[in-house]
Amino acid sequence: MPSKSKTPKNRLRIIQLLIIVWLLAICARLVWLQVKEYPNLSARAERQQQASIPLTPMRGVIYDRNGNELARSSEVKSLYAYPNQITDAQLIAPRLAKILDLDKDELLKRLKASDKVCVAIKRKLSDQEVAQVDALNLQGLRYVNEMKRQYLNGTTAAHVLGFVDVDEKGLSGLERYFDQTIRGQEGKMTVTFDALKKPFDHEIEKSVQGANIHLTLDATIQHYAEKALREGIRRSNARGGTLVMMKPATGEILALASYPTFDPNDVSDSTDLQKRNRAIETAFEPGSIFKIVAYSAALEEKLITPNTLINCGNGTITINGQKIQDTHPHSSLTATQALAQSSNVAAIIIGQKLGYERLAQYIERFGFGQRTKIELPAESRGILTNVKHWTPTIPIGYGISVTAVQAAAAFSCIANGGTWVQPHLVKQITSTYGEIISEPQGERHRVISPDTAATLTSMLEGVVVRGTAKAAKIEGYRAAGKTGTSKKANGKHGYMAGKYVASFAGFAPVENPEIVCIVSIDEPVGAYFGGDVAAPIFAQAVSHALQIMGVAPENAVESSFVAGGVKTFEVPQLVDERPLLSQTPAANQGVAQAAKASSAPPTPNAEAPANHNPNREADDKEAQNVHQASGEILVPDLNGRGIREALALCASRGLKLQANGEGIVSGQSPPPGTYVTKEVICRVRLVRTMQKKSPPARDPKKPPAAHAQATATRAQ
Amino acid sequence: MATYAGTKNNSQRDGWQPTLWQSGGASKSNGLPIDKIMLAVVLGLTLFGLVMVYSASAMLAERNFGTQFYFLLRQSGWAFVGLLAMTIAMRIDYRHYKRSTIILPVLYFTVVLLVVVLFLPKVNNTHRWIRFGALSLQPSEIAKLALVAFLALFLENRSHEVNVFKRVFLPTAIIAILVIGLIGAEPDFGTALILFIVFAGMLFHAQVPLRHLATIALPLVPALLGMLVFVPWRLQRLIDFVDPWKNQQTSSYQVVQSLIAIGSGGLNGVGFAEGKQKLFYLPSPHTDFIFAVIGEELGLIGAITLVILFGLLAWRGFKAARYAPDLFGQLVAIGLTVMIIAQAFFNISVALSLLPAKGIPLPFISAGGSSLALSLFASGVLLNISKHEGS
């Protein structure tokens, strides 16, 4: 036994060794396959076993400030097919193609693509298409629910909301800016197939709904703002335009409109021009509205007061070899008058007094040359060159480009007492469950002192009351603002003849401004002054907005005007930019008296047609010339008279009178001293003496003395 | 320790008394406690097999037989029969079989069955099965046992003249080639190959001179080469083995699907019953390619565990062989261990594309009654040998 058992054990060892080698080879191979090759092989496995269909998450809702839905997504069905389960592709392809409006051959090819487990037939079917497909009762088809974005108000706020592509990805506007936030999390359906390509199992990874956005925008205000803008642009046959309305105290955007516009529900036919959001993407040379920067700076730096007399050099000034002219020459004006008449020379002189460095500081503090960081993509920062490269025309708004939103923010500084507030569109972002995710407050910084802001406000009110922007007057409220008319640059070094940007920026009510609004119209045809083209749009839009916001009219009579359904009382105003000298109420009595002597009609403005009542466009066009040429009637001063007295006075001159309210006349339209045609109805507001609220000096329709001299212009 | 000494004495005697149905391992004169590790490994493998058969076959069973438990129930039945056989074999002293009056009739009977099966109608395109109603029997399974028993008996009887070519090598080789040839004719090259390995292993252990063993290789090499060259699909298999990805949709589809299954399991596997490759991607996921399902569902950890279980079985089997009191016991233990381990590793190597594709079931694991029952019976015999201490 010992001899037998000893050697076999050695041979047994060899057998054992062979087994161990084999075992190790197996283990090594396992490690190789399951560790090293794992990514590769598991990918292969997935490829042959699974097909996954993405599940678009429900996109968050966009609400306006009152909780109205502006954009929401809803489920629609998309049609898919499993080619391996379709037996009679030849037969069904033409029928499906007909229902779904697809190419027959292309569809057939897809239905026969047996190497694919699942093919898309058509995405986002209409209910009608679904019904028709169902009626065919076919095998191998499958619906997958997808989301479709709906913009419930059609074109309203299209540029703010933006639009999405077929995969619900935001491509412009808020949809793009907040895409990550409101998109939600994509889910997917993974279908597992067996080797015979039969679906065996499916697994759904649910999508997560995106966050909701609550805007500061008011859909109703937006609607009327867009209407006003659209109508105004059509009146002027302009290329386009934009309107921005914001709350000066907070920077909340109430309306932001751009024209031409598009329907975000279907952008397939929209041009880039339609889709461009002019309020933030288009920078334009602001022209005279930019003068507020120089004026605020000079007031803040105590270089001028509203009554400082400025020598306007008879309408011409040469600076660095560049000759700058006023539309109408003046020898000398107070600062208030110069702003009201939009004197370029005066603004240049003020700019010189400030010096470029200081002016540049104010420009920056007013937010020009920087993005406002409004929650929209593709915002322009405008064009603001380094001080070293400045042209002397910067103080009058040439050589710098701004966006409408920048300008609105700058005017908000004046309206709210001197603080720059960041324009913003979003009030809060909430999750699906209603928790507040974020509540942006917006940046703010002081630009000018409250005193300066107040002074400038009253100067700007003068622009509306007595200056270039009478068309910006709003029934029942006091408004302030500034017109601007700039030639369009040709992209090289010159300006294009006959192409203008007409703007008006202002706010109302003057006492406690609720709304700042800028209107900018691109290439108006015919009348092109900001006061003619943009100011009426401002008046219309802001008037609606104030009513919608329930802002109390500044006196009871105005309120009754509105209540009586008389919404506009536009007067054939004298034209924007016209050197219509008016007076600062108290201090400049002397000048005013002197000017009173002559009361020549404002003939030189024939080329700048007035644009009054938007409802009577056709008449107005004719009236443009008739106005000065034929029998005008001098409107009497009816202020302080009783109704009978006023009636008698008007009747004697052949004017019709329309009165509202009770008591004595406290405000009339057209203002006294104006020449009007017979067709014009003279409207007056009557108040009981006790109800007079506003201090006389601040009342735009007062004092009578100022009105009496309103037309006493071109004496100088 | 008295029992230990007694065992030694007993084992050296010829007139020993086999103890049937003994309950406590060490209590009787001839027994050590049975090898608990081996028993645990065998039971573990069987249980593991049942579970994996269920996972791998549920879909197939559902589709073909209307119940997902079809193969599980069948396999459980066979496991019961096999465990019964194992329990009996465990308690029958292996030396009872050491008689020509038992072993030779079994061998003759096996040869007859192997001949008969060739004339029976084909099942799955081969003559491997003899059907009795719902049951089916593979004569090749019985042949494995018969050949091992015959070789052990013959080699022990002639151990003193092992160097004489005519006395030992030639007769064993003739019998072996007859049995292996009949199995190869079914055709079942896998089993034939395993039996050849068993034959070589046993003769090697029995001290048959290496030059004798080498003689068999002389006719074998040209025969194998001829088979490769003249039967095109075999050559194709070899090409596919070298580069399985080349013809992954056609000839090497099976191996590629197996590799995808195992590879996609990664470290931890896709989870029990979560495997996708058994959804008709893998051919015979519950039988020949069950290891691929294991690799996919249980990952590297599960696959290595299984391989290690077979390694443990080999260790315990060879240990039993080493300590067996007589050459017959040693040779039976080696024959059975090599048979089980070679089958297992061969099956696994095919699934891993380490060896060309051959249809060999994975012992204890693959669905298939006769294979499981035979493996369990063989384990019973091994366990019984382990109770004896020879040196």
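**Aromatic pairs and charges over rings**

In chain B, the rings of B:Phe165, B:Phe169, B:Phe196 and B:Phe199 are joined by ring pairs into a cluster. The structure is a predicted model. Counted over all chains, 20 aromatic pairs are present.

One of these pairs is formed by B:Phe65 and B:Phe71. The centres of the two rings are 5.6 Å apart and the planes meet at 85°, so the arrangement is edge-to-face, since an angle over 60 degrees is classed in this way. B:Phe71 also pairs with B:Tyr70: here the ring centres lie 5.1 Å apart and the planes stand at 90°, so this pair is edge-to-face as well. B:Phe71 thus takes part in a pair with B:Phe65 and in a pair with B:Tyr70.

The accessibility of these residues was computed for the model. B:Phe71 has a relative accessible area of 15% and is buried, because the value falls under 20%. B:Phe65, with a relative accessible area of 41%, is partly exposed. B:Tyr70 is likewise partly exposed, at 24% relative accessibility.

In chain A, A:Lys77 is placed over the face of A:Tyr143, 5.1 Å from the centre of the ring. In chain B, B:Trp315 has the charged end of B:Arg316 over its ring, at 4.5 Å from the centre.

Note on methods: Residues numbered from 1 in each chain as written. Chains lettered and ligands numbered in written order. Predicted model: local features only at pLDDT ≥ 70, side-chain atom pairs only at ≥ 80, totals over all residues. Heavy atoms only, no water. Phe/Tyr/Trp six-rings, centres within 6.5 Å; stacked < 30°, edge-to-face > 60°. Buried < 20%, exposed > 50% of the residue type's maximum accessible area, 1.4 Å probe, protein only. Lys NZ or Arg CZ within 6 Å of the ring centre and 35° of its normal.
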